[in-house]
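Let's take a friendly walk through this fold, from its sheet to the helices around it. Have the model open beside you as you read.

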Amino acid sequence: MKKLIFLLCCLAANISLFGQATPKYSTYYYQRATLFEQLPVSADDILFVGNSITDGGEWSELFNNPHVKNRGISGDTTEGVYDRLSVLLKGQPAQIFLLIGINNVPRGESANNITEGIRNIVKKVKAESPHTELFVQSLLPVTPHYKMFEGHTSRWQMIPDINRTIRQMTQEEHVTYIDLFSHFADEQGQMKTEYTNDGLHLLGKGYLLWKTIITPYIKK
């Protein structure tokens, strides 16, 4: 009887005020993810998938192409992308540009662990949408200059290690790796302050640079 009461108490602790189990992700994640479930994806589409850095880009306007679509969710992680990926792959998109992993950093995850999370995404794309051309982009540098997002920016020195393991993984999985890092980093390996005003996210000039870097890969 005591065991039953204990189990019921544990269950109750995981019930939200709305009568549902405590959600795995943020309310914003579900707002965006459920929207993406309703929006069609076709074989002509080019998807930008990632976290707030991707979410903040006006990709269709940047490339003047209605087939270029934003599927970023602020705060997302490798696990979050993996969990919502099947919805995006149903339409067998032509291309996916993936940038994910920086939100795993403040959780204390290692470079290898973050890369394995990205590998799982790569494998899922291959399995569920084998004709989709996948581009795995390096993590961008960050900077502690603004003393914001310190969980991310104070760990700026580990970003090159993460990118090295990502690059190696893409070679093993035979997908294209795109180096963004070196274009945005200063001599120390931190984000150049001209591209950010909080140490983590991009200003407009940063998005224009990003566009320039990946334009050769965009399917016409």
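Two strands are said to pair if DSSP finds at least two bridges between them. Helices (H or I, at least four residues) and strands (E, at least two) are DSSP runs, numbered from the N terminus. This is a predicted model, in which local features need pLDDT of at least 70 and side-chain atom pairs count only at pLDDT 80 or more, while totals for chains, interfaces and linings use all residues. Residues are numbered from 1 along each chain as its sequence is written, and side-chain values use heavy atoms, with hydrogens and water left out.

**The sheet**

Strand S1 (residues 46-50) and strand S3 (residues 95-99) run parallel and are joined by 5 bridges. Within this pairing, Ile46 stands opposite Gln95 in S3. Both strands belong to an open sheet of 5 strands, ordered S2-S1-S3-S4-S5, with parallel pairing. Strand S2 (68-72) and strand S5 (176-178) are at the edges with a single partner strand each, so one side of each has no neighbour in the sheet. On average, neighbouring strands are turned by 20° against each other, direction ignored.

**The UniProt span**

An unreviewed UniProt entry lists residues 48-207 as "domain: SGNH hydrolase-type esterase"; such positions use the numbering followed here, feature names are shortened, and annotations may be inferred rather than shown by experiment. In the model, that span is 41% helix and 13% strand, and its end C-alpha atoms lie 13 Å apart.

**How the helices pack**

For the angles below, axes are lines fitted to C-alpha atoms, for helices over the stretch in contact, and angles run from 0 to 180 degrees between N-to-C directions.

| Helix pair | Angle | Axis distance |
|---|---|---|
| H6 (residues 111-128) and H8 (residues 159-173) | about 30° | 9 Å apart |
| H2 (residues 27-38) and H5 (residues 78-89) | about 20° | 9 Å apart |
| H5 and H6 | roughly 10° | within 9 Å |

Angles under 35 degrees count as roughly parallel, over 145 as roughly antiparallel, 65 to 115 as roughly perpendicular and the rest as oblique. H5 and H6 are therefore roughly parallel to each other. Contact here means heavy atoms within 4.5 Å. On the H5 side of this pair, the contact residues include Val81, Tyr82 and Leu85, and on the H6 side they include Ile114, Ile118 and Ile121. The contact of H5 with H6 divides into 8 nonpolar, 4 polar and 2 charged residues; Ala, Val, Leu, Ile, Met, Phe, Trp, Tyr, Cys and Pro count as nonpolar, Asp, Glu, Lys and Arg as charged, and the others, Gly among them, as polar.

What does H2 bring to H5? Tyr29, Phe36 and Glu37 in H2 meet Gly80, Asp83, Arg84, Val87 and Leu88 in H5. By class, this contact of H2 with H5 has 4 nonpolar, 1 polar and 3 charged residues.

H6 also meets H8: among the residues in contact are Ile114, Ile118 and Arg119 in H6, and Ile162, Ile166 and Met169 in H8. The contact of H6 with H8 holds 7 nonpolar, 3 polar and 6 charged residues.

Finally, back to the sheet: H6 lies across S3 and strand S4 (133-137), running at about 170° to S4.
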